[in-house]
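Hi,

Here is the structure I promised to pass on. Have a look at it first, and then read my notes below.

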Amino acid sequence: MSDAESDTLADLRTGADYQFGAGAGAALFPSEGSTTIRRSSGGRPRQIIAGDVDDTPGSAEGDRIASYGTDGRFTLGITGGLRLLSAFPAPARRVVVGEESEPFVRDGRNAFAKFVTVADDGIRPGDEVLVVNDDDELFAVGRAELSGAEALAFDSGVAVMVRSGVGRTDDAEHPS
């Protein structure tokens, strides 16, 4: 890895610590292992991907850890969600939903407030969150539309605008 890439990763770690809390940068972008940074035409980091990725058309995409927006905030991919899940103890950064909504959230549909059973009190609208079950298994990642307290208190409305679901674990149990 070049010095410029190392400096960029250090900057991304600092931003992740600011957005998600101390330790998030090291969890999302560890110094060991390879990380690919895709850049915009202006040279700005755009996507951070786990592993080496060949940027030629038709090549494998790799596992997206996060995208880095022009506003300086990260949007998580499933790989990034799994890394944060293991870095922070429950209920930090999490919205827990009941089993009746699991197949829908896994398919990438939004998580509704009426199905929320637990939510981190520190969640604010607009935060990137992890959607999990009672066993702390990741279902999806997305953007909170309600605060943690509101997600628990409300009986209607979208609690989390899901960006990516992890897919079903047993398709026979939940046919399409």
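**Salt bridges, sheet and cores**

At 29% relative accessibility, Glu145 counts as partly exposed (buried means under 20% relative accessible area, exposed over 50%, partly exposed in between, with a 1.4 Å probe and protein chains only). Its salt-bridge partner is Arg143, with the closest N and O atoms 2.7 Å apart; Arg143 is partly exposed too, at 32%. By salt bridge I mean a side-chain nitrogen of Lys or Arg within 4 Å of a carboxyl oxygen of Asp or Glu.

Before going on: this is a predicted model, so local features need pLDDT of at least 70 and side-chain atom pairs count only at pLDDT 80 or more, while totals for chains, interfaces and linings use all residues. Residues are numbered from 1 along each chain as its sequence is written, and side-chain values use heavy atoms, with hydrogens and water left out.

There are nine salt bridges in the structure. Arg106 pairs with Glu102, closest N and O atoms 2.8 Å apart. The two are four residues apart in helix α4 (residues 102-106), so about one helical turn separates them. Arg106 counts as buried at 3%, and Glu102 counts as buried at 18%. Helices (H or I, at least four residues) and strands (E, at least two) are DSSP runs, numbered from the N terminus.

Arg163 forms a salt bridge with Glu128, again with closest N and O atoms 2.8 Å apart. That pair links distant parts of the chain, 35 residues apart: Arg163 is in strand β10 (residues 158-165) and Glu128 in strand β8. Glu128 is buried at 4%, whereas Arg163 is partly exposed at 33%. Arg73, Arg93, Arg124 and Asp127 are linked in a salt-bridge network.

Now the sheet: four strands form an open one in the order β1-β2-β3-β4, with antiparallel pairing (strands pair if DSSP finds at least two bridges between them). β1 (35-39) and β4 are at the edges with a single partner strand each, so one side of each has no neighbour in the sheet. β2 and β3 pair over four bridges, and Ile48 stands opposite Ala66 in β3.

Finally, the largest nonpolar core has 22 residues, and Phe20, Leu28, Phe29, Phe74, Leu84 and Leu130 have the most contacts inside it. Such a core is a set of buried Ala, Val, Leu, Ile, Met, Phe, Trp, Tyr and Cys residues joined through side-chain atoms within 4.5 Å. α1 gives the largest share, four residues. Apart from this core lies another of 18 residues, including Val97 and Ala159.

Cheers
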